[in-house]
Amino acid sequence: MLELKRYAGAFALALIACFVVTAEAKAACTVKSGQTVSNKEKAWPGNAVHEALRNAYADGRCEITKGMHPGGTPCVRGKSDNHITVAQYTANGYLSHTFHVFGYKVMVDGVERQCSTR
């Protein structure tokens with residue numbers, strides 16, 4: 001009986017570890033086929049100025065549709081306009097918004113966030 005209890009405890013720990021890994025693995029945006037995006041750039045939506053984009057990142061409901069490219073209106077005048085383009089989807093899989101996430105951070109309510117615009 002002691003052996004059974006030992007195995008049950010190990011099984012429970014393994015099961016809990018699986019849930020933790022699965023939850024963390026979900027937090028990310030997919031990358032559209034053919035786009036080149038660095039690991040650093042892939043993390044930007046998770047810390048974006050827009051809360052909706054951060055939530056989509058946490059829920060795995062976003063896609064980086066275009067890698068780093070120029071254009072758009074940056075958060076701060078005079079800063080680089082290089083950015084990635086990110087699509088945010090609803091829970092039903094419909095396109096909700098498109099964001100431009102830039103390669104620099106700005107302070108928002110005392111928190112440093114990745115510059116993002118819609």
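Student: Which residue in E3 is the bridge partner of histidine 69?
Tutor: Histidine 83 is the bridge partner of histidine 69 in E3. Keep in mind that this is a predicted model.

Student: In which sense do E2 and E3 pair, parallel or antiparallel?
Tutor: E2 and E3 pair in the antiparallel sense, over five bridges.

Student: And E1 with E2, parallel or antiparallel?
Tutor: Strand E1, residues 30–31, pairs with E2 in the parallel sense over two bridges. Within E2, isoleucine 64 is the bridge partner of valine 31.

Student: What does isoleucine 64 touch, leaving aside neighbours within four places in sequence?
Tutor: Isoleucine 64 is in contact with Cys29, Thr30, Val31, Lys32, Val37, Glu41, Lys42, Ile84, Thr85 and Val86.

Student: Thr85 is on that list. Where is threonine 85 placed?
Tutor: Threonine 85 lies in strand E3, which covers residues 83–89.

Student: Is threonine 85 buried or exposed?
Tutor: Its relative accessible area is 10%, so threonine 85 is buried, the cut-off being under 20%.

Student: What polar contact does its side chain make?
Tutor: The side chain of threonine 85 makes a polar contact with the side chain of histidine 69, at 3.4 Å. Not counting residues up to four places away in sequence, threonine 85 touches Glu63, Ile64, Thr65, Lys66, His69, Thr98, Phe99 and His100.

Student: Lys66, then. Which strand is lysine 66 in?
Tutor: Lysine 66 is in strand E2. Lysine 66 has a relative accessible area of 41%, so it counts as partly exposed, between the 20% and 50% cut-offs.

Student: What is lysine 66 in contact with, apart from neighbours within four places in sequence?
Tutor: The contacts of lysine 66 are Gln35, Ile84 and Thr85. The C-alpha atoms of lysine 66 and lysine 32 are separated by 7.3 Å, and the two residues are 34 residues apart along the chain.

Student: Change of topic. How many residues has the largest nonpolar core?
Tutor: The largest nonpolar core has 13 residues. Those with the most contacts inside the core are Cys29, Leu53, Cys62, Ile64, Ile84, Val86 and Val101.

Student: Which elements each supply at least two residues of this core?
Tutor: Helix H3 (51–59), strand E2 (62–69), E3 and strand E4 (95–108) each supply at least two. The largest share of this core, three residues, comes from H3.

Student: Which residues are buried in H3?
Tutor: Leu53, Arg54, Ala56 and Tyr57 are buried in H3. They cover an arc of only 160° around the axis, so they sit on the same side of H3.

Student: What comes just after H3?
Tutor: Glycine 60, which takes a positive phi of about 70°.

Student: Now the whole chain. How many helices and strands does the protein have?
Tutor: The protein has three helices and five strands. From the N terminus on, the elements run α-β-α-α-β-β-β-β.

Student: What percentage of the residues count as buried?
Tutor: Of the 118 residues of the protein, 27% count as buried. The protein exposes about 7700 Å², and carbon and sulfur atoms supply 57% of that area.

Student: And what share of the contacts with a separation of 6 or more comes from residues 24 or more positions apart?
Tutor: Residues 24 or more positions apart account for 47% of those contacts.

How values were computed
Residues numbered from 1 in each chain as written. Predicted model: local features only at pLDDT ≥ 70, side-chain atom pairs only at ≥ 80, totals over all residues. Heavy atoms only, no water. Helix = DSSP H or I, 4+ residues; strand = E, 2+ residues; numbered from the N terminus. Buried < 20%, exposed > 50% of the residue type's maximum accessible area, 1.4 Å probe, protein only. Polar contact = N/O pair within 3.5 Å; in protein donor to acceptor, adjacent residues only side chain to side chain. Contact = heavy atoms within 4.5 Å. Core = buried A, V, L, I, M, F, W, Y, C linked by side-chain atoms within 4.5 Å. Pairing = 2+ DSSP bridges. Areas by Shrake-Rupley, 256 points an atom, 1.4 Å probe, with all protein chains shown as cover. Arc of directions from axis to C-beta.
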